[in-house]
Amino acid sequence: MATSVRATRGGSPPPAGLRSTLHRLDLKAVPYVFVAPFFLTFAAFGLFPLVYTGWLSLHRVELGGSAQWKGLENYGALATSEFFWNALANTFTIGVISTVPQLLMALGLAHLLNYRLRGRGFFRVAVLAPYATSIAAATLVFAQLFNTDYGLINTVLGWAGFEPVAWESSKWPAQIAISTIVTWRWTGYNALIYLAAMQAVPQDLYEAAALDGASRLRQFLSVTIPSIRPTILFTVIVSTNGSTQLFGEPMLFGGSVGISGGSGNQFQTLSLLMYEKGWVTGALGQASAIAWVMLLLLLLIGGVHTLITRSHHKRKKSGS
Amino acid sequence: MARTLDTPTPTPTPTPVRTATAAAPAPRRGLLRQSAGRQHHAGPLTYVLLGLAALVSLFPLYWNLVAASHRGERVVEAPAPLLPGPRLFDNLAFAWNQVDMGEALVNTTVVAGLVSLSTVLFSTLAGFAFAKLPFKGRGALLALVVATMTIPPQLSVIPLYQIITGLGWVDQLQSVVLPSLVAAFGVFFMRQYLIEALPVELVEAARMDGAHSLRIIWHVVFPVARPAMAVLGMLVFVQAWNDFFWPFIALTPDGNPTLQVALAGLGAGAHTVDQAVVLTGALISTLPLLLVFAVLGKHIVGGITAGAVKN
């Protein structure tokens, strides 16, 4: 190999046979060399840990200790743990009250941005600015705005004649506050994704609808929404995935009691519970089991997604 | 919400005239264009609603600046301040020197820089292979790349933590950089771009001239891919800059923190640390990216939309 490399670099051309061998090797091997970094990185830092987490979840392991086979015991322990069910429910409710308004508002915002606008660039960058803000920075700012005693949000509510809301210590207000942070960070991002899809909708569809006398709202509901349906499904999947993994927002929103998701675990999510089990309690086996439950949840979501897409395709086929 | 969806504008609504044209054969396109879909000019209500959205998006960032310019005691006093105070530079100096946000800023720049450089390089190579080079198993491998995008980081952090503990890499920046050397999203993004942007004839012509693959990469692929590489670089930089979950586990606030880890450390000590300093830290972590967005906003918007449409 070393000689052949020198041969290509050196002045005298290598013999024809060697050259074509080299050329063939170049053609055959190079694609694999190019994709190798991804697969090596994934194997080392993605696949191996994933499988190993599964193995750990069947054991009793402490940080730094040796593993002891436990079978499905960790999963059984989760099934009877009220903390687990609480975290699962919180992950679900926070997920719903952040994802649904976020995507609805993103749709509306994309529709607005789709008009012929003055200052279009400004509006697009402005609604995307929260995306540039980190989870940590956004949460620390919102934690101040939502503060029960001096936060601006309670001040404004006070002006409107409302009692101050205990945004951190009561369950639903805390979950709403956390969802607000998520929604704030991601609405503009999703709006831009919708906007791009909307601009790819063929103009003829709108013309046909207008000819049929469809109002603007009707056009939006009957032309725009169905046309960008794949994009909507895509964002639903992405944001559902994101909300399944929620960690930084609840942790930092809770301040000194953030690790346990509030004083009464009222906003403890699956990720927080996993962190607490693994790094505070040191029960790595149980933490791994929680991680695998999250994977199963995501697979379930992905399965539902596939089913919806399939049935949509079928309907489309039978419809036309 | 329903109201924003509706967005009535003062442009003329469909009238009986249009119903009449419906009956007429083959109406002229140009005329109808103005009344269809995106061609509409925005009415005042659109501007009001968009202005509101911009305000909601920008206010927390503005208030961050306000809070970072007051004394700690003032920030936690009702009603919270709405206008900038006199202490911005004192707070910045304090956060920079006392809580080491400066060091965190350097760490974050190093991490985000390395991660985006290597991701762009490796993604371009892999994207080129998937887009233009025939090889066995290409379809299956590409499907695998896409599938890995949905695996959450939670599934690997426990073994990863054991690995970096074993290697003595806790608090070392490489424990954050190495797992992010290349990303499935980047590979997919570059493939989508190169499929259309790079004519296969160009690659074949270079091969006919006797160029080997590295030459082709350097003289053909990189020049063609440059715009997409720039966009991908920005997106990955933003993501790496803001990454929280794994850095929070691998690095500690007292060791070699990135900005997000340092901030989390400040925030968790909520009762001992001056809130104005915490929010100054938040400002330091946000400002560089906001500046990038202000300058390159259009390209980032373009990149996000380009990456999404093709998904």
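1. Let's start at Glu77(B): with a relative accessible area of 41%, this residue is partly exposed. Keep in mind that you're looking at a predicted model. The partner of Glu77(B) is Arg74(B), and the two form a salt bridge whose closest N and O atoms sit 3.9 Å apart. Arg74(B) counts as partly exposed too, at 27% relative accessibility.

2. How many salt bridges are there over all chains? The count comes to 3. One of them is on chain A, where the side chains of Lys70(A) and Glu73(A) meet at 3.8 Å, N to O. Lys70(A) has a relative accessible area of 26%, so call this residue partly exposed.

3. Now have a look at Glu249(A), which pairs with Arg185(A) in a salt bridge, 3.9 Å between the closest N and O atoms. Glu249(A) belongs to helix H12 (residues 248-253) of chain A and Arg185(A) to helix H8 (residues 171-199) of chain A, so this pair ties together parts that are 64 residues apart in sequence. Are these two residues buried or exposed? Both are buried.

4. Next, where the chains meet.

5. Sorted by class, the contact of H4(A) with H4(B) has 6 nonpolar residues, 1 polar and no charged ones.

Key: Residues are numbered from 1 along each chain as its sequence is written. Chains are lettered from A and ligands numbered from 1 in the order in which they are written. This is a predicted model: local features need pLDDT of at least 70, side-chain atom pairs count only at pLDDT 80 or more; totals for chains, interfaces and linings use all residues. Side-chain values use heavy atoms; hydrogens and water are left out. Ala, Val, Leu, Ile, Met, Phe, Trp, Tyr, Cys and Pro count as nonpolar, Asp, Glu, Lys and Arg as charged, and the others, Gly among them, as polar. A salt bridge is a side-chain nitrogen of Lys or Arg within 4 Å of a carboxyl oxygen of Asp or Glu. Buried means under 20% relative accessible area, exposed over 50%, partly exposed in between (1.4 Å probe, protein chains only). Helices (H or I, at least four residues) and strands (E, at least two) are DSSP runs, numbered from the N terminus.
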